[in-house]
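Colleague: I would like to learn how to read strands, helices and record annotations in a model. Please take me through them one by one.

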Amino acid sequence: MAGGNERSMKALKEVWRRAENSLCADCGKPDPDWASSTLGVFICLSCSGIHRNIPSISKVKSLKMDHWDDAQVQFLAKHGNAVTKATYEAHIPIYYYQPTYNDCQVLREQWIRAKYERKEFTEPGKQLPYSDGVKEGILWKRGRDNGQFLPRKFLLSEREGCLKYFTKQDAKEPKINVKIDVINATFQPVKIGNPNGLQITYIKDNKTRNIFVYHESGKEVVDWFNAIRSVQFHYLKVAFPIASDNEIKNRLTRNFLKEGYMEKTGPKQREAFKKRWFTLDHRRLMYFKDPLDAFAKGEVFVGSRENGYSVQKGLPSGTQGNFSWHYGLTIVTPDREYLFTCETETDQLDWIAAFTSVINQAMTPQEYAIEAYFKFKS
């Protein structure tokens with residue numbers, strides 16, 4: 001910490017050491033070492049960069065390298081994360097997604113701007129752009145066959161409990177009409193190749209369909225994301241009237257547990273291993289030829305340990321299929337074994353950890369029904 005007198009430095013350290021200031025005020029990352037001298041919050045380096053882009057609202061300084069005068073230290077002492085959160089996060093809707101340091105830039109930036117710049121959560125009952133129960137607008141959607149992103153009209157309706165999209169602005173009939181309770185949405189900037197890329201998935205005939213969209217405006221695409229969560233929340237409140245708000249919140253949109261490339265072989269376990277893109281969405285392991293495919297080439301149900309599912313490091317001895325990656329793993333189900341190889345040991349261990357976390361969870365009645373469908377299909 002450069003400059004400043006001894007008294008100020010001591011006072012700054014005391015405020016910094018408060019338990020409330022041990023996590024970033026915006027993303028929860030431990031040990032923040034930056035702060036806003038105008039908002040009075042302690043934040044991490046990454047969030048400080050977002051604050052720096054809102055200079056009319058927030059002035060950020062390093063707690064280690066910059067000089068803090070007495071007045072600034074007193075301001076931090078008077079505010080801090082707890083007091084500031086009580087003001088700027090006083091009325092966050094239960095369905096609003098609050099990002100963490102593991103989330104992408106657009107989610108974290110719009111969360112910070114929503115709090116401090118637009119002050120969306122300071123007043124009770126404030127009308128928000130994602131709380132109307134209906135949202136209509138243009139999103140750039142990737143074509144299923146040609147891979148081109150083209151503008152498409154989307155309509156989200158709480159009254160109808162669905163999401164629609166139309167191939168033309170004046171089209172009367174939608175290309176799809178999806179019930180809100182089978183929809184998931186997750187940000188995928190790297191996969192889609194756009195910082196505002198959003199992947200919308202839904203279940204149809206017990207198969208997963210992917211739609212890849214983006215909007216030029218970060219605010220607009222995050223508003224769409226939270227509008228989907230809002231409509232889902234109110235739909236599920238009616239469908240499950242005795243469920244608590246937190247129980248329903250946990251059933252809203254979810255991030256995938258893990259994605260990445262592995263090699264796989266067929267059921268006879270003598271075929272050559274082929275490189276595929278895998279997505280683990282709770283108990284559904286889907287594999288694709290390309291990460292942006294609309295439909296999976298196949299899906300594997302991953303059940304619980306008490307029902308005969310397990311994951312093992314390595315491949316069974318005598319495996320005959322040719323493979324170029326040598327870090328194998330085997331998923332054991334009551335009906336057969338699925339063999340995969342990973343490029344690196346780190347990938348192998350990460351996949352094993354992800355599968356283990358799912359297998360160690362007890363299955364719900366709905367998941368037993370999904371398992372029965374997978375067994376019938378096979």
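Colleague: Which residue stands opposite Ile203 in E10?

Modeller: Thr208 stands opposite Ile203. Before going on, note that this is a predicted model, where local features need pLDDT of at least 70, side-chain atom pairs count only at pLDDT 80 or more, and totals for chains, interfaces and linings use all residues. Residues are numbered from 1 along each chain as its sequence is written, and side-chain values use heavy atoms, with hydrogens and water left out.

Colleague: What joins strand E9 to E10?

Modeller: Strands of a sheet pair through backbone hydrogen bonds, either parallel or antiparallel. Here, strands are DSSP runs of at least two residues (E), helices are runs of at least four (H or I), and both are numbered from the N terminus. Two strands pair if DSSP finds at least two bridges between them. E9 (residues 198–204) and E10 run antiparallel, joined by seven bridges.

Colleague: What is the strand order of the open sheet?

Modeller: The order is E7-E6-E5-E4-E10-E9-E8, seven strands with antiparallel pairing. At the edges are E7 (176–179) and E8 (183–187), each pairing on one side only. Neighbouring strands of this sheet are turned by 35° against each other on average, direction ignored; the axes are lines fitted to C-alpha atoms, for helices over the stretch in contact, and angles run from 0 to 180 degrees between N-to-C directions.

Colleague: How many bridges pair E4 with E5?

Modeller: Nine, in the antiparallel sense, between E4 (residues 134–142) and E5 (residues 149–157). Arg142 has Phe149 in E5 as its bridge partner. The two strands form a hairpin with six residues between them, and Gly147 in the turn has a positive phi of about 75°. E4 is also joined to E10 (residues 207–214) by two bridges, running antiparallel; there Lys141 has Val213 as its partner.

Colleague: How many residues does helix H7 have, and what is its reach?

Modeller: The expected span of a helix is 1.5 Å times one less than its number of residues. H7 (residues 218–239) has 22 residues and reaches 32 Å from first to last C-alpha, close to the 32 Å expected. At its start, a side-chain oxygen of Ser217 comes to within 3.3 Å of the backbone nitrogen of Lys219.

Colleague: Where does UniProt place the feature "domain: PH"?

Modeller: The unreviewed entry places it at residues 132–233 and 255–360; such annotations may be inferred rather than shown by experiment, and positions follow the numbering used here, with feature names shortened. Residues 132–233 are 20% helix and 46% strand, with end C-alpha atoms 13 Å apart.

Terms used: A polar contact is a pair of N or O atoms within 3.5 Å; within protein, one must be able to donate a hydrogen and the other to accept it, and residues adjacent in sequence count only if both atoms are side-chain atoms.
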